[in-house]
Structures are given as C-alpha cells and as structure tokens.
Amino acid sequence: MFEHLFDRHDGLDMLRLAIAGSSQVLALFYLRFVADPASPLRTRLKTSAVGVLALLPLTYLGGGANIGALVVLTLALALSALGDCLLALQDQQRLFVPGLGRFLT
C-alpha cells in the first residue's frame, strides 16, 4: 500500500523502511507505558518514536526533491520530538509551556 513512498530505487529503500519500522516499534513499546507515571524510559520512548522520523526526510536529499521543504520537515519533526520530551518529563507544570511551544513550532 505504501511501497511507493519508500521504493525510490536509489539504494536507500531499506534504510527508509528501517527508519519507519523502528519508529513504529518504539511507538508500540511506548503504548505499554502510557498510563504509567513519568519515568526516564517512558520519556526516551516517547521522544525516540518521533525523533527517529526526523531522519527520514534527509534520505530524500539529492533525489530531486525540494531541499528547503525537506529541511523544514526535518526541523519540524525534531522540534516535535523535543516538545514530546519536555512534555513527558516529571516536572510537567514548569515545562508545559516550553514543551508545547516546541511541539507546536
């Protein structure tokens, strides 16, 4: 169904699938901890599930794609992961606004 998104025949197809797959696996592991109180493991899983996706747009550089759009998408995903990290930390009262700001950016 989504094969055309990753199958570019440029030698990076398996890397793209590995990035997407690792994000899915991390997200599934995170689901186990959603109801638990904040912990370092929970924070790392939440951040990593989105953070690893920031690498995906970079695999399309040099393939004729819009470089500016790929860089913006990479930064957006990285900031989203940082926002997730701040929102997942134990000190949520103090870090809520900065975390939400990074996430919304």
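**Salt bridges, helices and surface of the predicted model**

A search of the whole structure finds 2 salt bridges. A salt bridge is a side-chain nitrogen of Lys or Arg within 4 Å of a carboxyl oxygen of Asp or Glu. The structure is a predicted model, in which local features need pLDDT of at least 70 and side-chain atom pairs count only at pLDDT 80 or more, while totals for chains, interfaces and linings use all residues. Residues are numbered from 1 along each chain as its sequence is written, and side-chain values use heavy atoms, with hydrogens and water left out.

Side chains of opposite charge can pair when their charged atoms come close. Aspartate 13 is buried, at 16% relative accessible area. Arginine 16 is buried as well, at 0%. Buried means under 20% relative accessible area, exposed means over 50%, and partly exposed lies in between (1.4 Å probe, protein chains only). Another salt bridge links arginine 32 with aspartate 36, whose closest N and O atoms are 2.9 Å apart. Here arginine 32 is exposed, at 56% relative accessibility. Aspartate 36 is partly exposed, at 29%.

The protein contains 5 helices and 0 strands. Its elements run α-α-α-α-α from the N terminus on. Helices (H or I, at least four residues) and strands (E, at least two) are DSSP runs, numbered from the N terminus. Confidence is given by pLDDT, the predictor's confidence in each residue, from 0 to 100. The mean pLDDT of the protein is 82, and 81% of its residues reach 70 or more. Where pLDDT is low, the predicted coordinates should not be read in detail.

Helix 3 covers residues 40–51. Its 12 residues should span 16 Å at 1.5 Å a residue, and its end C-alpha atoms are 16 Å apart, which agrees. The expected span is 1.5 Å times one less than the number of residues. Arg42, Thr43, Leu45, Thr47 and Ala49 are buried in helix 3. The buried residues of this helix pack against helix 2 (13–31) and helix 4.

Serine 23 lies in helix 2 and is buried, with a relative accessible area of 8%. Not counting residues up to four places away in sequence, serine 23 touches Ala49, Val52 and Leu53. Contact means heavy atoms within 4.5 Å. Threonine 74 lies in helix 4. Threonine 74 is buried too, at 12%. With the exclusion of residues up to four places away in sequence, threonine 74 touches Ala54, Pro57 and Leu58. Residues 24 or more positions apart account for 49% of the protein's contacts with a separation of 6 or more.

Of the 105 residues, 28% count as buried. The protein exposes about 6800 Å², and carbon and sulfur atoms supply 71% of it. Accessible areas come from the Shrake-Rupley method with a 1.4 Å probe; for residues, only the protein chains shown count as cover. Leu55, Leu58, Leu61, Ile67, Val71 and Leu75 form a nonpolar surface patch, with about 510 Å² of accessible area together. Patches are made of residues with over 30% relative accessible area and no salt bridge; like charges are joined within 9 Å, and nonpolar side chains (Val, Leu, Ile, Met, Phe, Trp, Tyr) within 5 Å. Valine 71 lies in helix 4 (residues 67–88) and is partly exposed, at 37% relative accessibility.
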